[in-house]
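Reader: I have the sequence and the coordinates open side by side. Could you walk me through the parts you would look at, beginning with a helix?

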Amino acid sequence: MKMIIIRHGESEANYENYWTGWLDVPLTEKGRQQAAAAGAKIAAAGIIFDGAYTSVLQRAMITCQTVLEVCDQLYIPVTKSWRLNERHYGALVGKNKKQMEKEFGAEQVKKWRRGYYEMPPRLEQNQLDRRYAYLDPQTIPHAENLAMTVQRVLPLWQDEIAPQLLQQKNILVCGHGNSLRALVKYLEQVPEDQMDTIEIPNAAPVLYEFDDNLQIISKSIL
């Protein structure tokens, strides 16, 4: 069984270097081109998907759609889940990272970005739209550390993605830097204090092959 994970192409926030979290920002033109190039690599590898999963944020959804369009696989079922959203950065959302380094110091910003249990400043109130209306408000965080992001992502793997793979299906997962790092941490059993070594570049398809027990046989970047 095969699974490809891919982070969205370059977003406006990546380009302008500010924290996005659950802020719904578009891809740049470069980001769209990166997504198309990723789709071409997947098509060249001859990988046929049975299903796809993405977040409910447009930068991941459009990346997913573009990849499938280039692969001529737009017909497959796509599941959109808030569990694949980027980490919720709380009150840091919309703030420029370099400016925050000037205000709080590079070490504190590094902790916010990479510390497993380091919590960013919480939002007092989320300003979220109706895509989250079906969720219990108690479920929606006002900020997340990396540990909380792992806990959020894992039920999607355990309840939906893993069972599909066990049915011999190939799956595409389009997500975000931290939601995919959370999945990689679990799959590769990366220790908490080494999670900052996991790098997920924009629009680089990472191919996992599994045995019948969902043990990783191989991992490669297309």
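Author: Please keep in mind throughout that this is a predicted model. A reasonable place to begin is helix α2, which covers residues 29-44 and has 16 residues. From its first C-alpha to its last it reaches 23 Å, which is close to the 22 Å expected at 1.5 Å a residue.

Reader: Which residues of α2 are buried?

Author: The buried residues of α2 are G31, A35, A38, G39 and I42. Seen down the axis of α2, these buried residues fall within an arc of 100°, so they line one face of the helix.

Reader: Why would residues spaced like that point the same way?

Author: An α-helix has 3.6 residues a turn, so residues three or four places apart point the same way.

Reader: And what is exposed on the other side of α2?

Author: On that other side, E29 and A44 are exposed. As for the buried residues of α2, what covers them includes β1 (2-7) and α3 (58-70).

Reader: What follows α2?

Author: α2 is followed by G46, and the phi of G46 is positive, near 70°.

Reader: You mentioned β1; how many of its residues are buried?

Author: For β1, 5 of the 6 residues are buried, so the strand is largely enclosed by the rest of the structure.

Reader: Moving on, where does H8 lie?

Author: H8 lies in the loop between β1 and α1 (12-16), and at 2% relative accessibility it counts as buried, because the cut-off for that is under 20%.

Reader: What is H8 in contact with, leaving aside its neighbours within four places in sequence?

Author: With those neighbours left aside, H8 is in contact with N14, L27, R59, A60, T63, G175, H176, N202 and A203.

Reader: Now S81: which loop is that one in, and is it buried or exposed?

Author: S81 is found in the loop between β3 (78-80) and α4 (97-104). At 9% relative accessibility, S81 counts as buried, and, leaving aside its neighbours within four places in sequence, it is in contact with T54, S55, V56 and L156.

Reader: Let's switch to aromatics; how many aromatic pairs does the structure hold?

Author: The structure holds 9 aromatic pairs. One of them is formed by Y116 and Y117, whose rings have their centres 4.9 Å apart and their planes at 90°, so the pair is edge-to-face.

Reader: Are Y116 and Y117 buried or exposed?

Author: Y116 counts as buried at 10% relative accessibility, whereas Y117 is exposed, with a relative accessible area of 53%. Another pair is that of Y208 and F210, where the ring centres are 6.1 Å apart and the planes are at 15°, so the pair is stacked. Both Y208 and F210 are buried.

Reader: Which residues form an aromatic cluster?

Author: W19, Y89, F104 and W112 form one aromatic cluster.

Note on methods: Residues are numbered from 1 along each chain as its sequence is written. This is a predicted model: local features need pLDDT of at least 70, side-chain atom pairs count only at pLDDT 80 or more; totals for chains, interfaces and linings use all residues. Side-chain values use heavy atoms; hydrogens and water are left out. Helices (H or I, at least four residues) and strands (E, at least two) are DSSP runs, numbered from the N terminus. The expected span of a helix is 1.5 Å times one less than its number of residues. Buried means under 20% relative accessible area, exposed over 50%, partly exposed in between (1.4 Å probe, protein chains only). The arc is that of the directions from the helix axis to the C-beta atoms. Contact means heavy atoms within 4.5 Å. Rings of Phe, Tyr and Trp (its six-membered ring) pair if their centres lie within 6.5 Å; planes under 30 degrees apart count as stacked, over 60 as edge-to-face and the rest as tilted.
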